[in-house]
Amino acid sequence: MERLSSEVKVKLALVVKPVDVVTGLAPAAVPRLVVEGVPCRPFRKPDGTFLLLGLPPGMYSIALSAPPHYADSRVVVDTANLSPLEPVELVPMLPTSSYPFASGTTLICVRAKNAPDSAIIRAAVTDGNLVCAKLLQDAGQGEAELAFGAVHRLVSGRCYYVLDPDPAKREFIRIAALHEANRRAKLQTPFRFPHRKGTVVTDVAEGAADGRGEWAAAFPPQGVKRFVCAVHLFLSDDESLILDQEVQVEEGPPVRLGLLPSTDD
């Protein structure tokens, strides 16, 4: 009897990488992943990434949930924009005030008037403290691969603030991957503005609503007694700013800003 053999080839369509923005690691709680409108069974690897096999090229809406410590995350992915060799989509998981923050963490808590639960908070350091790195050379608008000098603290998956001398050119960046002892970085999205050599990149704390109208952003312990940060509240990632306030922060004790008006008031 002739033995029949067949070879089945499954194309890897997408790798989804959820990242805890506090630690830069995989979330401590395993997220539930859903590809909206598409029946599929993601395979979770030990490193916390999800493999989606056999999906044809196209646009996909992906939702991740891991309550109560993280807010739900949603991304729309076009597989045509991903590298064929590394089709990885990084998905930030933002903490709520229920997150088990480490001892010594500095919390900035905000209650905002008329802000939707989908809004996110970012607290960006705006003085000379908590500088994480400096640009090694000039970087043009649209660049997504950077070289850093004087690296103090960079973590893949976390958000940082480009503290350009021109306030109109300051922007948030998220590091998708680090190479060469953290001296080269790939950004999740390219620069929106050009920046000069020596421009500093500072730390950012992020957070999401807890369902009770409060947002919490957390700076891990770093041994800096005092620093200044600008607290921003956005409708969603990289969308309209609805709140902006500069605050003085002392490391350790929580900073509670109370009920703040939106920029529409």
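**Strand pairing, burial and aromatic contacts**

Trainee: In β15, which residue is the bridge partner of lysine 134?

Mentor: This is a predicted model, in which local features need pLDDT of at least 70 and side-chain atom pairs count only at pLDDT 80 or more, while totals for chains, interfaces and linings use all residues. Residues are numbered from 1 along each chain as its sequence is written, and side-chain values use heavy atoms, with hydrogens and water left out. Strand β10 (residues 131-135) runs antiparallel to β15, joined by 3 bridges; strands are DSSP runs of E of at least two residues, numbered from the N terminus, and two of them pair if DSSP finds at least two bridges between them. Within β15, lysine 134 has as its bridge partner valine 200.

Trainee: How many bridges join strand β9 to β15?

Mentor: Strands of a sheet pair through backbone hydrogen bonds, either parallel or antiparallel. Isoleucine 120 has alanine 208 as its bridge partner in β15. Strand β9 (residues 120-125) runs antiparallel to β15, and the number of bridges is 5.

Trainee: Which backbone oxygen does the side chain of threonine 199 reach, and at what distance?

Mentor: Threonine 199 is found in the loop between β14 (184-187) and β15 (200-208), and its relative accessible area of 5% means that it is buried. Apart from its neighbours within four places in sequence, its contacts (heavy atoms within 4.5 Å) include Lys134, Leu135 and Asp164. Its side chain reaches the backbone oxygen of arginine 196 at 2.7 Å.

Trainee: What is the arrangement of the rings of tyrosine 70 and tyrosine 99?

Mentor: A search of the whole structure finds 5 aromatic pairs, where rings of Phe, Tyr and Trp (its six-membered ring) pair if their centres lie within 6.5 Å, and planes under 30 degrees apart count as stacked, over 60 as edge-to-face and the rest as tilted. With centres 5.7 Å apart and planes at 80 degrees, the rings of tyrosine 70 and tyrosine 99 are therefore edge-to-face.

Trainee: How many residues apart in sequence are the parts that this pair ties together?

Mentor: Tyrosine 70 lies in the loop between β5 (59-65) and β6 (73-78), and tyrosine 99 in the loop between β7 (88-93) and β8 (106-112), so the parts tied together are 29 residues apart in sequence. Tyrosine 70 is buried at 4% relative accessible area, and tyrosine 99 counts as buried at 10%. The separation asked for is thus 29 residues.

Trainee: What are the centre distance and plane angle of the pair formed by tyrosine 161 and phenylalanine 172?

Mentor: The aromatic pair of tyrosine 161 and phenylalanine 172 is tilted. Tyrosine 161 lies in strand β12 (residues 159-163) and phenylalanine 172 in strand β13 (residues 171-179). The centres are 5.0 Å apart and the planes form an angle of 45 degrees.

Trainee: In the open sheet of 3 strands, which are the edge strands?

Mentor: The order of this open sheet is β2-β5-β6, with antiparallel pairing. Each edge strand pairs on one side only, and the two are β2 (32-35) and β6.

Methods. Helices (H or I, at least four residues) and strands (E, at least two) are DSSP runs, numbered from the N terminus. Buried means under 20% relative accessible area, exposed over 50%, partly exposed in between (1.4 Å probe, protein chains only). A polar contact is a pair of N or O atoms within 3.5 Å; within protein, one must be able to donate a hydrogen and the other to accept it, and residues adjacent in sequence count only if both atoms are side-chain atoms.
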